[in-house]
Amino acid sequence: MKKTVSVLLAFVLCVSLIGCSNQKAAKGTPVQIDYDNATVSYLGPEGTYTQEACEKFFDGKGSYSPYETVPEAVQALTDGKSNYAVIPQENTIGGAVIDYVDTLIANENVSVVGEVELPISQNLLVLPGTALSEIKTVYSHKQGIAQGKEWLEKNLPNAEVIEASSTAEGAKTVAKGKDKSCAAIASAGCAEVYGLEILAAGIQNNDKNVTRFYVLSKDEPATATAERLAFVANGTAKDLLKLAAEMDKLGVTLVALHDRPEKTELGNYCYLIECSNCSYEDYQSLTNNSNFTFRYLGSYSVK
């Protein structure tokens, strides 16, 4: 009987501890996404990888509005024309998309409410019936150019490469120009949208080509513990090691760190830091007795 009571008490204690643990994990404000009524601004035109990222994160629900540039897409969010904006922020081949990282850092009224990881397959798109030997000019976004650099050097070494505002804009330029000497590096979806043909598929430098996108909102940053947590730390490079040591002490895992010049003094940077295994309480501990100034971006999940 005593043994049964002891086992029962142990079970009750275990359940109680699990409940407390779950309660701690749920502490704070969680992300709230209204998928059905979402209005989303993104880097257009139609057919960009950013549009694919929108559809993946929002499960094809809501409505999506393309803009010519990422700053315009984020401006639409801050102006109330959309309630979410999706922006690329890092690629495995091209690295950080620094222009877009700068846009996030500059807009202090936005938070990060989600992240999308999208495998990227770059393709050489042409007007139907075009031969490789006819191509003299290639259009794409600078990330598409970086991701297809090795293929271009091998197969089109003499072609002029022209940067476009997006991969889809490059495809649109080729379609409108109706010039068989022009090609674009873009998604397979763009071929269908703009009536082009895939002359060469999967031309990216390697098969592990993935782009990460942030989903932005004007809502207050969520503080409930989630898969990822992001913040901006402004300060000097010499203080970065101390911050990293504090993160390690708390058991925080660094996922990504992008540095951008603070534009004040040499050696001063804005660090966009993304981590996992980090609660909001951990983040607050990092801000104590630090020479950095901090801006919290939010806790969120990854799709």
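1. Accessible areas here come from the Shrake-Rupley method with a 1.4 Å probe, and for residues only the protein chains shown count as cover. By that method the protein exposes about 15200 Å², of which carbon and sulfur atoms supply 52%.

2. This is a predicted model, in which local features need pLDDT of at least 70, side-chain atom pairs count only at pLDDT 80 or more, and totals for chains, interfaces and linings use all residues. Residues are numbered from 1 along each chain as its sequence is written, and side-chain values use heavy atoms, with hydrogens and water left out.

3. The C-alpha trace spans about 85 × 55 × 40 Å along its principal axes. The secondary structure comes to 10 helices and 15 strands, taken as DSSP runs (helices H or I, at least four residues; strands E, at least two) and numbered from the N terminus.

4. Of the 303 residues, 45% are buried, meaning under 20% relative accessible area (1.4 Å probe, protein chains only).

5. The largest nonpolar core has 21 residues. A nonpolar core is a set of buried Ala, Val, Leu, Ile, Met, Phe, Trp, Tyr and Cys residues joined through side-chain atoms within 4.5 Å. Among the elements that give two or more residues to this core are helix H3 (70-78) and strand E3 (84-91); H4 gives the most, with 4 residues. Apart from this core lies another, of 17 residues, including Ile-33 and Phe-213.

6. Leu-104 is one of the residues that touch the most other members of the largest core. Not counting residues up to four places away in sequence, Leu-104 touches Ile-87, Tyr-214 and Arg-295, among others, where contact means heavy atoms within 4.5 Å.

Definitions and conventions. Buried means under 20% relative accessible area, exposed over 50%, partly exposed in between (1.4 Å probe, protein chains only).
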